Amino acid sequence: MSVRPTSLETLTVAAGRPPRTPGGPLNSPITLASALVPGGDSEYARHGNPGWEAFEEAVGALEKGHAVSFGSGMAATVALLELLPVGAKVVAADGSYYGTTVELERRARRGLLELELVDVTDTEAVIAAAADAAMVWLESPTNPELDVADIRAISAAVTALGTAVVVDNTLATPLRQRPLDLGADFVVHSASKLLAGHSDVLMGVVVTHDARAARALQTRRTSLGSVPGSLESYLALRGLRTLHVRLDRAEENATEIAARLHDRTDVAGVRYPGFGTMIAFEVVAGAEAAQQATESSEVVVHATSLGGVETSWERRRRHAAEPENVPDSLIRLSVGIENIEDVWDDIARCLDTVVGGAPPAGAAQPEPQRTSGWV
């Protein structure tokens, strides 16, 4: 009797490996070839590559669907939007990743789609907006404000109307949330983040139960040329092998750091959804102080990405395209796997250097903008 892995932890290690043949490789090797020998499934590397197919097999096993990989998370997003008919209505989270929001707004200005932005924590508002929509685009948790949507309730209500539900699952990963099991139609990941996990890969992936939709996405990938590279596919799969141990360690650190931030009087509106590696908080002294704090760190990396083994942070409104509903002094903190005391000492030191504008202990704190998922 064969033994098949069933736990997600084992699947991160076992899924997507080549057949066990004597003398064969244990891992899927890097395939550096643009032209392939005729007679197989593909004759040209834009149509298929063993490396990304192995990565797709592994992510598909974790999300329980058909996975299609892309050269970046935004390439995956665009491919999904390309499946919509011209003029279709899209309902999207008003706290979506700014790259997604920018692309949606650009398409709306060109008349390619109709866009309505909603608060994903207001389930009834999302459902009402979706009454005449072709697609609902959710993030949960959102980036960077970490709002959490009721994916199951929204999916149950809007799919009955024939509306497709997309969930960006980048921050939760399939180890903490599997949207397809909750009724969603598509899952999107920026694989550059937690899936690959080492800040050295640019890659994206879409997963769906619908084999026909997966084939349509593959066609769009081929037509657009938005394929992942051979080295990137190799690195992403190698990074995926340790997702469970990286996530457990970083989440443990994040839980403790969120609690310590909550006890400080020089920060407000600490957001942590109770799982994952992301924290967001506001610096009471203002945007300039928040910028100074992030630029003065030594252990924590000042960078715009997230989900790596290293702890990183940035003030999000330093980006011109960041939505105006994101507070000026909000810092997005991606917690890594370092020793927690080293990370915390660096954070505390940076905040202490700008604490001059903070009110004394016990003084009234600024009202946070949202309450969902806050510590």
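H189 counts as buried because its relative accessibility is 1%, under the 20% cut-off. The model is a predicted one. H189 sits in strand β6, and β6 also gives two or more residues to the lining of the largest pocket. The buried residues of helix α7 pack against β6 as well.

**H189 and its surroundings**
- The side chains of H189 and E63 are joined by a polar contact of 2.7 Å.
- A polar atom of the H189 side chain also lies 3.5 Å from the backbone oxygen of N169.
- Beyond its neighbours within four places in sequence, H189 touches E63, G73, N169, T170, T173, P174, L195, G204 and V205.

**Helix α7**
- Helix α7 covers residues 211-224, 14 residues in total.
- From first C-alpha to last, α7 reaches 20 Å, close to the 20 Å expected at 1.5 Å a residue.
- At the start of the helix, a side-chain oxygen of D210 comes to within 2.9 Å of the backbone nitrogen of R212.
- After the helix comes G225, with a positive phi near 70°.
- Buried in α7 are A213, A214, L217, R221 and T222.
- The partners of these buried residues are α2 (50-63), β1 (66-70), α3 (73-81), β6 (186-190) and β7 (204-208).

**Largest pocket**
- The largest pocket holds about 460 Å³ of space.
- Its lining has 28 residues, and the closest to the pocket centre are Y97, N143, S190, K193 and S305.
- Elements giving two or more residues to this lining are α3, α4 (98-109) and β6.
- By class, the pocket lining divides into nine nonpolar, 13 polar and six charged residues.

**Cavities**
- Three cavities of 30 Å³ or more are present in the structure.
- The largest cavity has a volume of about 50 Å³.
- Lining the largest cavity are S28, P29, I30, T31, N49, G51, A54, S230, S233, Y234 and L237.
- Helix α8 gives the largest share, four residues.
- The lining of the largest cavity has five nonpolar and six polar residues, with no charged ones. The lining of the largest pocket, by contrast, includes six charged residues.

Conventions
Residues numbered from 1 in each chain as written. Predicted model: local features only at pLDDT ≥ 70, side-chain atom pairs only at ≥ 80, totals over all residues. Heavy atoms only, no water. Expected span 1.5 Å × (residues − 1). Buried < 20%, exposed > 50% of the residue type's maximum accessible area, 1.4 Å probe, protein only. Contact = heavy atoms within 4.5 Å. Polar contact = N/O pair within 3.5 Å; in protein donor to acceptor, adjacent residues only side chain to side chain. 1 Å grid on protein atoms, 1.4 Å probe; cavity = no way out; pocket = protein on both sides within 12 Å on 5 of 7 lines; lining within 4 Å. Points joined across faces, edges and corners; volume = space filled by probe spheres on them. Nonpolar A, V, L, I, M, F, W, Y, C, P; charged D, E, K, R; others polar.
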